[in-house]
Amino acid sequence: TLTWGPRMDSRFLFYEDPLEHQRQSYRILRNTHDDADVLFWYHFTMFTVVEGRRPEPVVRWEGIEFSHHRKLADGFYRIHGHNLSFPRDLQSGEWTRTALNPVTGKQVDVPPMALTEDPGYVYTPDGVIPLDNPTAPPRMRMEQFLIEDDLVKIEQVRLPPASWPATFVETSSNWSSRELFENTDLASLPAGTAGGYIFPWPAWMQMENQPGHMFSTWHGRKLASVDELPEDFLRRAAEQHEHLLAVDLGVFDAPLPDPLIARYDQT
């Protein structure tokens, strides 16, 4: 006779009010302050994906996603940010400047990744509008809350800017303490994150006309500030890209594109 242990509590959580959904998701993914930084730190590994071949790992990375949001009105936020990552050797975990391309068999130079070309977004209760495509209708991000015992999770599929390549998708699972989540006075919750994304060959892979793409998996956590970053990463970032240890708030001084100003004035 089978004996079952205690049943886990696993169920979906829905918010009919888009503003409440946004507020609760921000507590995990961002925070509910009107004008604030949001910092995530992570490790991730890149893999090659070529049809007919086994996907193979290439290089490990350690990095941050650092962004800032500014409230425009209830439910409306302007967001801008960047990523900074440094390569680590797959086997030793030490910082590295090179990696073996398993498809071509060649050693390639792997530069740090400083992704600063994000055009920014306006978040609304009806969806997200990338600033490089301001006439586009809001695109609703796929977000689903789940309760799993003592955790609250939110699954998410993120939308890339309009100018990014078509071969790109990013999906993640992010979680916080259920006890803390139920304390609605907390504006920002400690959170873990894990996920994956698909993207075209980076130039440093030297793939020329080889069909295929890259796949990457990551795991990390939300931090309160750069002061919480691991010492070796913080030192490396300060030496090579110190300006990326803060979000450039000057971009928020630039006016929104005219189509968004017109749309915003109607709210």
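These are legends for a set of close-up views of one predicted chain.

The model is predicted, so local features need pLDDT of at least 70, side-chain atom pairs count only at pLDDT 80 or more, and totals for chains, interfaces and linings use all residues. Residues are numbered from 1 along each chain as its sequence is written, and side-chain values use heavy atoms, with hydrogens and water left out.

View 1. Helices (H or I, at least four residues) and strands (E, at least two) are DSSP runs, numbered from the N terminus. The C-alpha trace spans about 70 × 55 × 40 Å along its principal axes. Of the 267 residues, 45% count as buried, where buried means under 20% relative accessible area, exposed over 50%, and partly exposed in between (1.4 Å probe, protein chains only). Take the contacts (heavy atoms within 4.5 Å) with a separation of 6 or more: 63% of them come from residues 24 or more positions apart.

**View 2. Arg-158 pairs up with Glu-65 and also with Glu-170.** Both are salt bridges, meaning a side-chain nitrogen of Lys or Arg within 4 Å of a carboxyl oxygen of Asp or Glu. The Arg-158 to Glu-65 pair comes in at 2.9 Å, N to O. Arg-158 sits in strand 11 (residues 151-158) and Glu-65 in strand 3 (residues 56-73), so this pair ties together parts 93 residues apart in sequence. For Arg-158 and Glu-170, the closest N and O atoms are 3.1 Å apart. Glu-170 belongs to strand 12 (residues 169-177), so its pairing with Arg-158 in strand 11 links parts that are 12 residues apart in sequence. Arg-158 is partly exposed at 26% relative accessibility, and Glu-65 is partly exposed at 23%, whereas Glu-170 is buried at 12%.

**View 3. Here are some other salt bridges from the 14 that the structure holds.** Arg-53 and Glu-56 meet through their side chains at 3.6 Å, N to O. Arg-53 is partly exposed, with a relative accessible area of 38%, and Glu-56 is partly exposed too, at 24%. Elsewhere, Asp-9, Arg-11, Arg-178 and Glu-182 are linked in a salt-bridge network.

View 4. The Glu-62 side chain makes a polar contact of 2.8 Å with the side chain of Arg-88. By polar contact we mean a pair of N or O atoms within 3.5 Å; within protein, one must be able to donate a hydrogen and the other to accept it, and residues adjacent in sequence count only if both atoms are side-chain atoms. Beyond four places in sequence, the residues touching Glu-62 include Trp-41, Tyr-42, His-43, Trp-95 and Phe-233.

**View 5. Tyr-42, in strand 2, has polar partners at Asn-83 and Ser-85.** The side-chain polar contact is 3.2 Å for Tyr-42 with Asn-83 and 3.1 Å for Tyr-42 with Ser-85. Tyr-42 is buried at 9% relative accessibility. Leaving aside neighbours within four places in sequence, Tyr-42 also contacts residues including Trp-61, Glu-62, Trp-218 and His-219. Glu-242 is 200 residues from Tyr-42 in sequence and 18 Å from it in space, C-alpha to C-alpha.

**View 6. The largest nonpolar core has 21 residues.** A nonpolar core is a set of buried Ala, Val, Leu, Ile, Met, Phe, Trp, Tyr and Cys residues joined through side-chain atoms within 4.5 Å. Phe-44, Met-46, Trp-61 and Trp-204 have the most contacts inside this core. Strand 2 (35-49), strand 3, strand 13 (192-199) and strand 14 (213-223) each give it two or more residues. A second, separate core has 14 residues, among them Leu-39, Trp-41, Val-226 and Phe-233.

**View 7. Helix 1 covers residues 18-29.** At its start, a side-chain oxygen of Asp-17 reaches to within 3.0 Å of the backbone nitrogen of Leu-19. Buried residues in helix 1 include His-21, Gln-24, Tyr-26 and Leu-29.

Note on methods. Expected span 1.5 Å × (residues − 1).
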